[in-house]
Amino acid sequence: MNAKILETENVTVSFDGFKALNQLNFSMDAGELRVVIGPNGAGKTTFLDVITGKVQPTVGRVLFKGKNLRSLPEYKIARLGIGRKFQTPRIYLNLTPRENLEITSNQNKNVFSTLFKSSTNLEKNNIKGLLETIGLTPKADITAGLLSHGEKQRLEIGMLVAQSPDLLLVDEPVAGLTDEETYNIGELLLTLAQSHSILVIEHDMEFVRQIARKVTVLHEGSVLCEGDFEEVQNDSRVVEVYLGKQED
Ligand code: ADP
Ligand code: MG
């Protein structure tokens with residue numbers, strides 16, 4: 001049996017009495033690619049917030065590799081090996097993709113020392129490989145501001161990987177992307193899943209079909225059901241609460 005990389009036990013998050021998460025029990029194995037879906041307001045983003053320490057559970061606990069994350073500040077949780085990709089890309093638009101990756105992959109995270117110090121061969125090889133993985137080799141040395149939205153998303157996923165997290169959290173990576181760009185992101189996540197544990201929050205069902213292994217459906221802050229894509233898609237409760245009222 002695989003070790004659990006992430007577990008939540010009875011996690012409740014109350015905002016003024018409203019339970020955004022309600023006794024949420026969830027676990028995923030190390031090495032797994034898990035997709036979490038659910039209608040708007042189901043608690044998906046709050047779920048990521050409570051893992052990364054942005055929000056504290058009112059009740060219950062979150063375990064990362066068996067370690068209780070309670071009361072740890074966000075930066076310490078990040079250092080333990082949890083990386084998060086937000087919905088909107090957060091990249092340096094006036095630097096090139098290569099420079100963006102150099103900055104994030106550098107251990108001492110200082111922009112100036114990174115820019116003025118020459119990279120080691122190992123770093124250069126890693127960055128070359130990463131540019132290849134995210135499909136940006138031909139655009140490695142143009143200003144990142146000139147990249148398409150999908151390319152920016154791929155660059156930010158690359159920056160996340162450059163930090164070598166053990167668990168990647170990815171919030172709605174294909175919102176607002178064309179079909180082709182959506183497909184590219186899906187293939188990239190499948191490639192990364194060969195060597196990383198990844199938790200993807202998603203709304204787009206076609207995309208979920210492309211990448212899904214095990215799917216967890218959230219509804220009103222709790223797990224409604226879990227299974228492979230077919231099982232979840234055919235579950236009448238899911239059809240009712242999620243597919244039946246998909247607004248966007
Ligand atoms: P999802 O990402 O699935 O759309 P969210 O986790 O963003 O859902 O939100 C779940 C519910 O919690 C929503 O009803 C939202 O309005 C509420 N909520 C989220 N964050 C806060 C907050 N900081 N204060 C009050 N209510 C919040
Ligand atoms: Mg959300």
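Modeller: A crossing of two helices is called left-handed if the near helix is turned anticlockwise from the far one by less than a right angle, and right-handed if clockwise. In this predicted model, the crossing of H6 and H7 is right-handed.

Colleague: What conventions apply to the model as a whole?

Modeller: Because the model is predicted, local features need pLDDT of at least 70 and side-chain atom pairs count only at pLDDT 80 or more, while totals for chains, interfaces and linings use all residues. Residues are numbered from 1 along each chain as its sequence is written, chains are lettered from A and ligands numbered from 1 in the order in which they are written, and side-chain values use heavy atoms, with hydrogens and water left out.

Colleague: How many helices and strands are there in the protein chain?

Modeller: Helices (H or I, at least four residues) and strands (E, at least two) are DSSP runs, numbered from the N terminus; the protein chain has 10 helices and 10 strands.

Colleague: At what angle do H6 and helix H7 pack?

Modeller: Axes are lines fitted to C-alpha atoms, for helices over the stretch in contact, and angles run from 0 to 180 degrees between N-to-C directions. H6 and helix H7 (residues 179-193) pack at about 15°, with axes 9 Å apart, which makes H6 roughly parallel to H7, a term for angles under 35 degrees.

Colleague: Which residues of H6 and H7 meet?

Modeller: Contact means heavy atoms within 4.5 Å, and in H6 the residues include His 149, Arg 154 and Val 161, which meet residues of H7 including Glu 181, Ile 185 and Leu 192. By class (Ala, Val, Leu, Ile, Met, Phe, Trp, Tyr, Cys and Pro nonpolar; Asp, Glu, Lys and Arg charged; the others, Gly among them, polar), the contact of H6 with H7 has six nonpolar, four polar and two charged residues.

Colleague: Where do helix H3 and helix H6 lie in the numbering, and at what angle do their axes cross?

Modeller: Helix H3 covers residues 97-105 and helix H6 residues 149-162, and their axes come within 8 Å, crossing at roughly 25°. Pro 97 and Leu 101 are among the H3 residues that make this contact, with Leu 155 and Met 159 among those of H6; it has five nonpolar, four polar and no charged residues.

Colleague: In what order do the four strands of the open sheet stand?

Modeller: Two strands pair if DSSP finds at least two bridges between them, and here the order is E2-E1-E4-E5, with antiparallel pairing. Strand E2 (18-29) and strand E5 (67-68) are the edge strands, each pairing on one side only.

Key. Parallel < 35°, antiparallel > 145°, perpendicular 65-115°, else oblique.
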